Amino acid sequence: MDRIDKLMTSAWAVTPSARGSLMMMVGSAIKSGRMGDLLTLIEANKPKASVANAERGMSNWDGDWQAGMGASIGILELRGFLYSWKTGDAARILKEMFADDRITGVVLVIDGPGGHIDGVDVLAGMIKEADKPVAAFVSGQACSAYYWLATACDRIVCASPLCDVGCVGVYTSFYNDKKYWESMGIDVRDIYADTSDLKNEEFRAIADNNDEQPLRDRLNKLNAAFCTSVADGLDIAYDAQLPLFRGRTYLAQEALTMGYVDEVGSLDEAIEWVIGNAEARKWM
């Protein structure tokens, strides 16, 4: 149930259509009582790690893999919603790959609409600070939180000119269940200690006074961190009026002309770039 609660209360960096579909499924599961099906759904698409090697091809990342001749490149696949627990799993795997001397670089394979903002700043920081080259390969979408991660990488390669990238921004939803309980004849009252007047102030401002500004102020702070990180990754100045930072989504071909991605190419080309960059770093 902790993960269901996370779905309902967290700040999101995700495309609204994708989150809308997810919340419809959440509502349907709650109404029908089929919570097990919902948990199965949100546990799907766990991060998948493997290793690409010129001699051995692709092999699963399990800590006991054997390096072959030539460079070994870590591959981490992140698909579907980027839930906060998935971000944590990805951070653990990348930490292992960055520490493994048999891995010369990493390709982050991305295909998703974004997700929870929780922990994305930490994961993006880990990628930026890595002493090995990291490329993002966008196989479909790199929107919102996923684009944050992509811009932390050294290079962004999109599989097709029609891939979606961007959708930078943060939002959340407000839920007040008091009317639901009242409709069943249940009197619900929240009673706070005299000195707890600021506790839950964002919720109370909306529920009691229809004032969204305290919650909006918090979202503005999260959004600023998101936007400045993306700007830093793209090596551009942060301009709040730029459509990129106002939430626009771009097709990869358009993003390429604007400098928001680096290349339209294949996974093999992303891997080759990492190999070449890792070799060049040896001579720096």
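In this briefing, contact means that heavy atoms lie within 4.5 Å. The structure is a predicted model, in which local features need pLDDT of at least 70 and side-chain atom pairs count only at pLDDT 80 or more, while totals for chains, interfaces and linings use all residues. Residues are numbered from 1 along each chain as its sequence is written, and side-chain values use heavy atoms, with hydrogens and water left out. The protein chain contains 11 helices and 11 strands, where helices (H or I, at least four residues) and strands (E, at least two) are DSSP runs numbered from the N terminus. Of its 284 residues, 43% are buried; buried means under 20% relative accessible area, exposed means over 50%, and partly exposed lies in between, with a 1.4 Å probe and protein chains only. Among contacts in the protein chain with a separation of 6 or more, 71% are made by residues 24 or more positions apart.

- Tyr250 belongs to strand E10, which spans residues 249–251, and with a relative accessibility of 2% Tyr250 counts as buried.
- Once neighbours within four places in sequence are left aside, Tyr250 is in contact with Cys163, Asp164, Val165, Pro243, Leu244, Ala255, Met258 and Tyr260.
- One of these residues, Asp164, is 86 residues from Tyr250 along the chain, yet their C-alpha atoms are separated by 5.7 Å.
- The side chain of Tyr250 also reaches the backbone nitrogen of Leu244 at 3.3 Å; a polar contact is a pair of N or O atoms within 3.5 Å, and within protein one must be able to donate a hydrogen and the other to accept it, with residues adjacent in sequence counting only if both atoms are side-chain atoms.

- Glu77 sits in strand E4, which covers residues 72–79, and Glu77 counts as buried because its relative accessible area is 16%.
- The side chain of Glu77 makes a polar contact of 3.2 Å with the side chain of Arg79, and beyond its neighbours within four places in sequence Glu77 is in contact with Lys46, Pro47, Lys48 and Val109.
- Val120 lies in helix H5, residues 120–129, and is buried at 0% relative accessibility.
- Not counting residues up to four places away in sequence, Val120 touches Leu82, Thr87, Ala145, Trp148 and Leu149, and its C-alpha atom is separated by 9.6 Å from that of Ala13, which is 107 residues away along the chain.

**Two residues with positive phi**

- Most residues other than glycine have a negative phi.
- Ser144, although not a glycine, has a positive phi of about 55 degrees; Ser144 lies in the loop between strand E7 (134–143) and H6 and is buried, with a relative accessible area of 0%.
- Asp235, also not a glycine, has a positive phi of about 60 degrees, and its place is in the loop between H9 and strand E10, where Asp235 counts as exposed because its relative accessibility is 68%.

- Arg216 is placed in helix H9 and counts as partly exposed at 39% relative accessibility, while the C-alpha atoms of Arg216 and Val170, 46 residues apart along the chain, are separated by 9.9 Å.
- The second largest pocket holds about 190 Å³ of space; on a 1 Å grid over the protein atoms alone, where a 1.4 Å probe fits, a pocket is an open set of points with protein on both sides within 12 Å along at least five of seven lines, and lining residues have an atom within 4 Å of a point.
- Its volume is the space filled by probe spheres set on the points, and grid points are joined across faces, edges and corners.
- The lining of this pocket has 13 residues, of which Cys153, Asp154, Arg155, Gly233 and Asp262 lie nearest its centre, and the elements giving two or more residues to the lining are helix H6 (145–152), strand E8 (155–158) and helix H9 (213–234).
- By class, the lining has 7 nonpolar, 3 polar and 3 charged residues, where Ala, Val, Leu, Ile, Met, Phe, Trp, Tyr, Cys and Pro count as nonpolar, Asp, Glu, Lys and Arg as charged, and the others, Gly among them, as polar.

**Cysteines**

- The structure holds 0 disulfides, a disulfide being a pair of cysteine sulfur atoms within 2.5 Å.
- Cys143 is in no disulfide, and the nearest cysteine sulfur, that of Cys167, is 5.5 Å away.
- Cys143 counts as buried at 1% relative accessibility, and Cys167 counts as buried at 11%.
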